[in-house]
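User: Please take a close look at the contact between the two chains, and describe how it is built.

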Number of protein chains: 4
Amino acid sequence: MIGYAFMGAAHSQGWRTAGRVFDLPRDPVMSVICGRNATAVRTAADRHGWASTETDWRALIERDDVDLVDICTPGDSHAEIALAALAAGKHVLCEKPLANTVAEAETMTAAAEAAYRNGRLAMVGFNYRRVPATALARSMVAEGRLGALRHVRVAYLQDWLVDPEFPLTWRLKKELAGSGSLGDLGAHIVDLAQYLTGERLAGVSALTETFVRERPLPGGPTSGLSAVSANGTGQVTVDDAAVFTGRFTSGALASFEATRYATGRKNALRIELNGSRGSLAFDLERLNELAYHDGTEPGEHAGFRRILVTEPEHPYLEAWWPPGHGLGYEHTFVHQVRDLVHAIDEGRRPEPSFADGLQVQRVLAAVEESAEKNSVYTPIAV
Amino acid sequence: MIGYAFMGAAHSQGWRTAGRVFDLPRDPVMSVICGRNATAVRTAADRHGWASTETDWRALIERDDVDLVDICTPGDSHAEIALAALAAGKHVLCEKPLANTVAEAETMTAAAEAAYRNGRLAMVGFNYRRVPATALARSMVAEGRLGALRHVRVAYLQDWLVDPEFPLTWRLKKELAGSGSLGDLGAHIVDLAQYLTGERLAGVSALTETFVRERPLPGGPTSGLSAVSANGTGQVTVDDAAVFTGRFTSGALASFEATRYATGRKNALRIELNGSRGSLAFDLERLNELAYHDGTEPGEHAGFRRILVTEPEHPYLEAWWPPGHGLGYEHTFVHQVRDLVHAIDEGRRPEPSFADGLQVQRVLAAVEESAEKNSVYTPIAV
Amino acid sequence: MIGYAFMGAAHSQGWRTAGRVFDLPRDPVMSVICGRNATAVRTAADRHGWASTETDWRALIERDDVDLVDICTPGDSHAEIALAALAAGKHVLCEKPLANTVAEAETMTAAAEAAYRNGRLAMVGFNYRRVPATALARSMVAEGRLGALRHVRVAYLQDWLVDPEFPLTWRLKKELAGSGSLGDLGAHIVDLAQYLTGERLAGVSALTETFVRERPLPGGPTSGLSAVSANGTGQVTVDDAAVFTGRFTSGALASFEATRYATGRKNALRIELNGSRGSLAFDLERLNELAYHDGTEPGEHAGFRRILVTEPEHPYLEAWWPPGHGLGYEHTFVHQVRDLVHAIDEGRRPEPSFADGLQVQRVLAAVEESAEKNSVYTPIAV
Amino acid sequence: MIGYAFMGAAHSQGWRTAGRVFDLPRDPVMSVICGRNATAVRTAADRHGWASTETDWRALIERDDVDLVDICTPGDSHAEIALAALAAGKHVLCEKPLANTVAEAETMTAAAEAAYRNGRLAMVGFNYRRVPATALARSMVAEGRLGALRHVRVAYLQDWLVDPEFPLTWRLKKELAGSGSLGDLGAHIVDLAQYLTGERLAGVSALTETFVRERPLPGGPTSGLSAVSANGTGQVTVDDAAVFTGRFTSGALASFEATRYATGRKNALRIELNGSRGSLAFDLERLNELAYHDGTEPGEHAGFRRILVTEPEHPYLEAWWPPGHGLGYEHTFVHQVRDLVHAIDEGRRPEPSFADGLQVQRVLAAVEESAEKNSVYTPIAV
């Protein structure tokens, strides 16, 4: 694994736990973790249970005891590492967003395709597909329970930037993060909406905004970030929020919102699908629940029902606790490992593939293009 | 009162009840109700408690015992009746939308302004301003509890058109209804969003859609509606749904959705406001509740609180029941009468004024223009 | 109508509105309202729309233009008035609780039975049977949707006595109110639980408590209430709260709670029924909703559904507004009038009858007896 | 660790994860797991990550590489194992209920007290104290935020016995399980209520019931369970459900319910506390949330707030994920290990102690006694 911050910790939980809970065809071995700071990576290895460390990701990729490379670094390094890892004959799990640009994502997708022909697999880490409730929603859509899709309503609401004194972290600099709410939160909801519906977005119309354009520097004026103003602040160069509408290929209308300024909403990824035969609704803040309205029931007794997605017949639940004993955020990473290990064992393409990640990048690029061009409706390149 | 269908019944409840519950400076007398069908209007008068009937609205307007004309007809006749009533020296309460076109609304607004100088008042019936929870929300925003506004998230979701066999009523014909979800539901949410925020929309970017373009005729092929196809169906000529984004004058981002295809959502007018100091959320399906997040509280104990808006200190509640004994939809019309009677007694402009109604029409016109022009961002005329 | 306080206002709304909304076989005429203070009752008559007034209820009962007497006085006068009204050949609607003692209720029930043989009807005002959601729940239970009943869980939670400085009103004096939370709130939930289940309680085990035993006198030390202490306070002589368990005749277990000390709960009458085939749950603070779990559905898609009880096929809704346009507390009184007028027209016993009211009194008496006897299980007299 | 079923798996997650997430003063080593079936325990060791196995718990206790014994067996063996382990100088973590009888629990508590003087610690596994939301609730009560306690309302609702064809497992036989819902679910809610309030129950009045008294044998008529009837069924000898009321030492009223027959409720441990200054409410089915009503706020803006207990300043959250990224059921076991390891390191008594477990047993015994004695109020022995 390369990277050991928030995502590194979460992925480590996944690697450490999957084989303890699920019957896996192969046992993951946590060989080596890599980071630039030798002391810090040593501490992370001890904490998270990795057997050894490297400080140069190229060294990690060359090791014979590494079959799979898990990339948990910021987006600007995804392409370089993933391409090298695939070239070295490793399987790759790459955190989202796949890359900071469409061009990088295209190269990565081509490389993944070539690697697949050599028996190497590549997957992108859209972990919210692995919440039992979203996986159940996907299967219900696939069974036709919603009928013809009419509306997709999605928002990913956080609030950690509301305070204008919150410092200018790397996530607020375009050269490092690629984009702001859009790439971070927007990538998740675009992928999830397309996954759940089984459809692709055909085009979008977008508005983006940066509400607080200047913020204090994290380490003061000498921190090395560009565009430092005299008073120890720097420019925010990414979007704070994005709202966009769109059409799915079937003609359904969609609305999306990604923001870090929704005061009081901590991690509210909400999605609702309305179809001619039924509706589904989900909120990540209550991740063990799925709301379902069966539109074919007589009106007298119909209503949105709250399915507690903790029954043994629900996705991933066969291995966990009795009904009503809920799971949490980190379990998505356990499930991700389980699915990836099965895919590797069976030699089949894991989902979401790099091609899926590329398509999400294309949507995000269209969102940015529309926002720059007066919100004009912008088709998604195929 | 002119018109006696759904809105006529609701307004009658308002006129009949307001003086029984509130201390009004003047006692409304329900003199006369007007409708084209003499038998039907007689039945309606008996049912709803009107003293007499007319079949020609011009006759009603000329009566000396009429001080105020309440217009509950479809939108295509609002302008003509309102102008005549104002010219005849009557106060006017006009159902929303103010008119079917911006031009009509402008004429009406000018007439209202002239009438005001003669002591006659005109009000438009955006009754959702009179839910105690929305009135409370407005006062909390005005007190500065939200700080700088960042996001406005609004949807008005109904589902009565999901069934493609639902017949082609007048509401689905452009020549009668003006527009579809947009004019009916969209007018409400545009007004409510502007009212609650105390701001105006500066511009919008929109998508509209008609999902089911042909529907069975209500009375079969001879019903007289135009564009009848051979098999007894006719064209739907209004929008089924509209999604649009926009900017408020302060720079806040907004997203709007109006639809009659949200399976399982019956009357879900939902609005959420996020500001730098707090947030508010409301859902008409739970109209006695207002959710409030105070962003200035310490994070450890902060959270969205559910205010049950039934305390005596809440708007309109001084006259109703003890705490927790909720009100319903029709009470908005009682409150509307109360506020209008007070305004007349005090000779001050009631809100929402025709000018407010006009401004909503301008937003809706910009939505339609944007939808026609590839969703391009369209400023709202001032 | 006799009495014109809170219940008088609510009942007046019912009498005034029922014929405006429902097709009634007979038109109620609001002839006369009675109260001891001539000025106050005159004001009430004007406010609520009664044609004339009386200051002596015996005079009201003797009037020929009175066919039905609606008793909205405190419980200590119910028996005397009801017996006189029935003897005078009037129909009677009596507010709950039917009486302050079982003996009074027995006499009233016998009188009601005798009157019925003479074509005069008597009904007790348990208005919460007339919430559309509870009426729907009753019909679902009667259809067998719950199967064998296992659990009944009921609470009626208010909080208006939390403040120890709240004054000693008549409701806190045993000689006037009969009992405290038990007679006021407990009567409602015992009736509702028995109505919804279609079963009777067989026995109870109870605890009661008075948390604040001394309170300031409303008008100071000269207000005339007994037991005035030197410092201007008086004794609370009723229960503040009651909790009790019980068995229904079918063997189902029940738990009940009635309190005015549930800080933050304003009017939370909550009831949940669990049966072998399904469950139902209701909360008066969200009175337009009924939660239903169909236990016969496959576990994968099962869950409590939120039925919005606003569809035209729901009880009482045929006459009101479109789906999702909710009703409020006072509508229960409109429905009560509707049902009573139909019963009178058809000459059939209205429900709940005085016999139903008597049975509730017997349950409350058993609760008090159990609480006095160390909570021992106390059977309900039949 | 002794035992490897449901609780064994959950505890293993705790032992394996605590040191990976929290900074522990000592590193737990998962040395040995014990079970009677050699093959099965070997499989469990591999699955859950234990280094070795034993088939005789006495052998495990004698091992020098064992410092702490974690007892996850059914309740009938808790006393014997715990006493032996403490005698052998081991720390002990014992699953709840502490024992099947008060006498056993008393002996265990005395042994724990003696062991404490020798530096050995004993803790009982009431894991629901370690949900961040309940831990937060405890600290809010301790801060005085509720004022004088008035009501405690607790229910633990499951539904896995609704189907009468569900087989007669060991949990339904008194000789093995001690009791039914009462010992399993009731023990949790009695402990949690006493923990949250910081008070003890003074007395109880109870009803218990066994709804389905005969059930099919799990393995058919030869399964060896006693009381086999001719048709392959056996007697249920424990309670299916218990409802009881009580008084806390402060005078607050309590109501409790434990059942496995609440159709549609999967793991609904709900507790609400009402005090003179505020209220708290919790539901285990939404374990990342705590509802709080601050009764000292002005009524106009007051309401139950939903605290999302995922902030870094919340209990246990400093080590987990960003706000809004919820935890699940198993995390309570991770927190239990963390707290126990800290207690051992610091040599202080862990909570809940065996004395706490004993007190819960006394409450349960009083519940059973009251249920046998016609629900008479039964004081809790001190």
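Analyst: The area buried between chain B and chain A is about 3,500 Å², with carbon and sulfur atoms giving 55%; buried area here is the accessible area (1.4 Å probe) that two parts lose on being put together, summed over both. On the side of chain B, Arg150(B), Leu207(B) and Thr263(B) lose the most area to chain A, together 17% of what that side buries. This is a predicted model, in which local features need pLDDT of at least 70 and side-chain atom pairs count only at pLDDT 80 or more, while totals for chains, interfaces and linings use all residues. Residues are numbered from 1 along each chain as its sequence is written, chains are lettered from A in the order in which they are written, and side-chain values use heavy atoms, with hydrogens and water left out.

Chain B and chain A each bring 44 residues to the contact, where contact means heavy atoms within 4.5 Å. Because 100% of the interface residues of chain B are also interface residues in chain A, the copies meet through the same surface.

Eight salt bridges are found across the interface, each a side-chain nitrogen of Lys or Arg within 4 Å of a carboxyl oxygen of Asp or Glu. One of the salt bridges joins the side chains of Arg247(A) and Glu209(B), at 2.7 Å from N to O. The largest share of the side of chain B that touches chain A, six residues, comes from β10(B), strands being DSSP runs (E, at least two residues) numbered from the N terminus.

Key:
Helices (H or I, at least four residues) and strands (E, at least two) are DSSP runs, numbered from the N terminus.
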